[in-house]
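Hello,

Here is the structure I promised to pass on to you. Please open it beside this message, and then read on for what turned up in it.

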Amino acid sequence: MNRGIAMTSYIEMDDVTKRFGDVVALDHVNLRVTEPSIIGLVGKNGSGKTTLLRHVIGLQLPTSGTCRTLGQNASRLDSPELSRIGVAHQHDPLVGWMTAEALIGYVSGFYDTWDAALERHLIRQMEIDVRTPVGTMSPGNRQKLSLLLAVCHHPSLLLLDEPLADLDPIVRRDVVAELLDRFRSDDMVIVFSSHLLHDLERIADRIICVDHGRIVADAPLDDLKDAHGANLDELFRRLVGANP
């Protein structure tokens, strides 16, 4: 499914600063995402990655500066834009009393573009027991369900915030392969925040590194590797001086 977007940018952040009291979570961030791509968003815990993603979908608003998503100010995102965004977090607040099947049916009703064939494929591939109440699922199975809910409407912009942390290596490999398939079949941007740098290195074509609320690197992964002669794990250590 090739949907494209008839606008100049997926994400535009202009001098965005976010303060929580005396804490500066984002510090004069400038960012442009204008073409379909898979972006690896990396940084230490507390560096500002999740705050950045929350600004993109309007869950948090800048203290100063502006953020636009799919051509609209992020503070005014409405159905036309929100229907083109998919989001999955490590700990999504899914409705615990519903079965997975009921929750999928509920969420799918909000999207004209929901792909029932893709839904069935992902249920089989990720071995999701749809009869299970969501609240009794393991953390890993909840993450699988969250990913399914995030991608089955073919979003133009997919934001993934530590979505694979609770999955075993074999499942992670399969999910990463599925994300690549989604990118090949849809004109979309995937922003993938993760400490699992090996997984990111397999799929990302651009790396954005955040440290203390500032973007300290933003470049194609191949250019960073050519410039520093290092893999992504070593690049991360050099950029922020720490383990992922």
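Let's start with Lys44 and Asp211, whose side chains meet in a salt bridge, 3.8 Å from N to O. Please keep in mind that this is a predicted model. The Lys44–Asp211 pair links distant parts of the chain, 167 residues apart. Lys44 sits in the loop between strand E3 (37-42) and helix H1 (49-56), while Asp211 belongs to strand E9 (residues 206-211). Is Asp211 buried or exposed? Asp211 counts as buried, because its relative accessibility is 14% and the cut-off for buried is under 20%.

How many salt bridges does the structure hold? There are ten salt bridges. As background, side chains of opposite charge can pair when their charged atoms come close.

Another of these pairs is Arg32 with Asp14, with 2.6 Å from N to O. This pair also links distant parts of the chain: Arg32 is in strand E2 (residues 23-33) and Asp14 is in strand E1 (residues 11-20), 18 residues apart. Arg32 counts as partly exposed, at 38% relative accessibility, and Asp14 counts as partly exposed too, at 27%.

A further salt bridge joins the side chains of Glu201 and Lys225, at 3.0 Å from N to O. Here the pair links helix H7 (residues 197-203), which holds Glu201, with helix H8 (residues 221-228), which holds Lys225. The two residues are 24 residues apart. Glu201 is partly exposed, with a relative accessible area of 23%, and Lys225 is partly exposed at 26% relative accessibility.

Lys225 turns up again where H8 meets helix H9 (residues 232-240). In general, two packed helices are described by the angle between their axes and the distance between the axes. For H8 and H9, the angle is about 75 degrees and the axes are 10 Å apart. The two helices are therefore roughly perpendicular to each other, since angles of 65 to 115 degrees count that way. Which residues make the contact? On the H8 side they are Leu221, Leu224, Lys225 and His228, and on the H9 side they are Leu232, Leu235 and Arg238. These residues divide into four nonpolar, one polar and two charged.

In soluble globular proteins, nonpolar side chains tend to be buried together. The largest nonpolar core here has 51 residues, and Leu145, Leu148 and Leu149 have the most contacts inside it. Helix H5 (residues 139-151) gives the largest share of this core, six residues. Leaving aside neighbours within four places in sequence, Leu145 is in contact with Leu94, Ala100, Leu103, Ile104, Ile128, Val134 and Met137. Apart from this core lies another one, of 25 residues, among them Met13, Val33, Leu53 and Leu70.

Ser193 lies in strand E8 (residues 189-193), and at 0% relative accessibility it counts as buried.

Enjoy looking around, and write back with any questions.

Best wishes

How values were computed. Residues numbered from 1 in each chain as written. Predicted model: local features only at pLDDT ≥ 70, side-chain atom pairs only at ≥ 80, totals over all residues. Heavy atoms only, no water. Salt bridge = Lys/Arg side-chain N within 4 Å of Asp/Glu carboxyl O. Helix = DSSP H or I, 4+ residues; strand = E, 2+ residues; numbered from the N terminus. Buried < 20%, exposed > 50% of the residue type's maximum accessible area, 1.4 Å probe, protein only. Core = buried A, V, L, I, M, F, W, Y, C linked by side-chain atoms within 4.5 Å. Contact = heavy atoms within 4.5 Å. Axes fitted to C-alpha atoms, helices over the stretch in contact; angles between N-to-C directions. Parallel < 35°, antiparallel > 145°, perpendicular 65-115°, else oblique. Nonpolar A, V, L, I, M, F, W, Y, C, P; charged D, E, K, R; others polar.
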